[in-house]
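Student: I'd like to learn how to read a fold from its coordinates. Could we go through one together, starting with the sheet?

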Amino acid sequence: MTTTPITSPARTAPTAPTTPTSAPTALPAAAAGGPPVRFDTKIAVLLRGDLEPWQRLNVTAFLVSGLGTDLPEVVGEPYADADGTPYLPMFRQPVLVFEASKETLTAAHGRALSRALPRSVFTSDLFATSNDRDNRAAVRAVPKDLLDLVGLAVYGPRNAVDKVVKGARMHP
């Protein structure tokens, strides 16, 4: 499956605060209608289709947090508004969210492992825990082939990630 990522905002160094009478600064090319930004890599999240809406959001947030901490190259520069108020950096590229059946998610996990792509997992057991230590213990207690996966995040070259998410569909 080939997808075209949505462009992310271009990252620029924070600018000095402006006064209300100063002229607005030029927008980056992408924001001004310039050519779309293409990435050689892809961040994808696969969610099991039977999750409740709150679970989908929670699982997605947990899964992508692992990518940003272990792969600093996926994180862009900090943001600042026109007043110079600083904001935390975010991923430098879009995160594509997919929906899949339990079987497709399990197959995607196997493909991510076989390609040695950076990944994070969320299992159904984590809904019953309330802290990070218990989360890790819940995953550690189950062999990889028996994990009851409800979510998977993966990062890598676009074509490799496309192969991992094969059979999944873009999240509605």
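Tutor: Gladly! Two strands count as paired if DSSP finds at least two bridges between them. Keep in mind that we are looking at a predicted model.

Student: What order do the strands take in the open sheet, and what is the pairing?

Tutor: As a general idea, strands of a sheet pair through backbone hydrogen bonds, either parallel or antiparallel. Here the order is β5-β6-β1-β4-β7, an open sheet of five strands with mixed pairing. At the edges stand β5 (119-123) and β7, each with a single partner strand, so one side of each is left without a neighbour in the sheet.

Student: How many bridges join β1 to β6, and how many join β1 to β4?

Tutor: Seven bridges join β1 to β6, and these two strands run antiparallel. Six bridges join β1 to β4, a parallel pair.

Student: Which strands does helix α1 touch?

Tutor: Helix α1 (residues 53-70) packs on the sheet and touches β1, β4, β5 and β6. Its direction makes about 145° with that of β1. Helix α2 (residues 102-114) also packs on the sheet, touching β1, β4, β5 and β6, and its direction makes about 35° with that of β6.

Student: What does V154 contact, leaving aside its neighbours within four places in sequence?

Tutor: Its contacts include I43, A44, L67, A112, L117, V161 and V164. Across the chain, 77% of the contacts with a separation of 6 or more are between residues 24 or more positions apart. As for burial, 33% of the 172 residues count as buried.

Student: Is S120 buried or exposed?

Tutor: S120 lies in strand β5 and is buried, with a relative accessible area of 13%. Its side chain reaches the backbone oxygen of L63 at 2.8 Å. Beyond residues up to four places away in sequence, S120 touches L63, G151, L152 and A153.

Student: And charges: how many salt bridges does a search of the whole structure find?

Tutor: To read one, look for a side-chain nitrogen of Lys or Arg within 4 Å of a carboxyl oxygen of Asp or Glu. The search finds eight. One of them joins R48 and D148, with the closest N and O atoms 2.8 Å apart. R48 lies in strand β1 (residues 41-48) and D148 in the loop between α3 (132-140) and β6 (149-157), so this pair ties together parts that are 100 residues apart in sequence. R48 is buried at a relative accessible area of 11%, whereas D148 is partly exposed at 25%.

Student: Which parts of the chain does the pair of R169 and E99 link?

Tutor: These side chains meet in a salt bridge at 2.5 Å, N to O. R169 belongs to strand β7 (residues 169-170) and E99 to strand β4 (residues 95-100), distant parts of the chain 70 residues apart. R169 is partly exposed at 46% relative accessibility, and E99 is buried at 12%.

Student: What separates R136 and D132 in helix α3?

Tutor: About one helical turn, as they are four residues apart in that helix. Their salt bridge has its closest N and O atoms 2.2 Å apart, and R136 is partly exposed, with a relative accessible area of 49%. To finish, look for shared partners: salt bridges of this kind join R48, D50, K102 and D148 into one network.

Methods. Residues numbered from 1 in each chain as written. Predicted model: local features only at pLDDT ≥ 70, side-chain atom pairs only at ≥ 80, totals over all residues. Heavy atoms only, no water. Buried < 20%, exposed > 50% of the residue type's maximum accessible area, 1.4 Å probe, protein only. Contact = heavy atoms within 4.5 Å. Axes fitted to C-alpha atoms, helices over the stretch in contact; angles between N-to-C directions. Polar contact = N/O pair within 3.5 Å; in protein donor to acceptor, adjacent residues only side chain to side chain.
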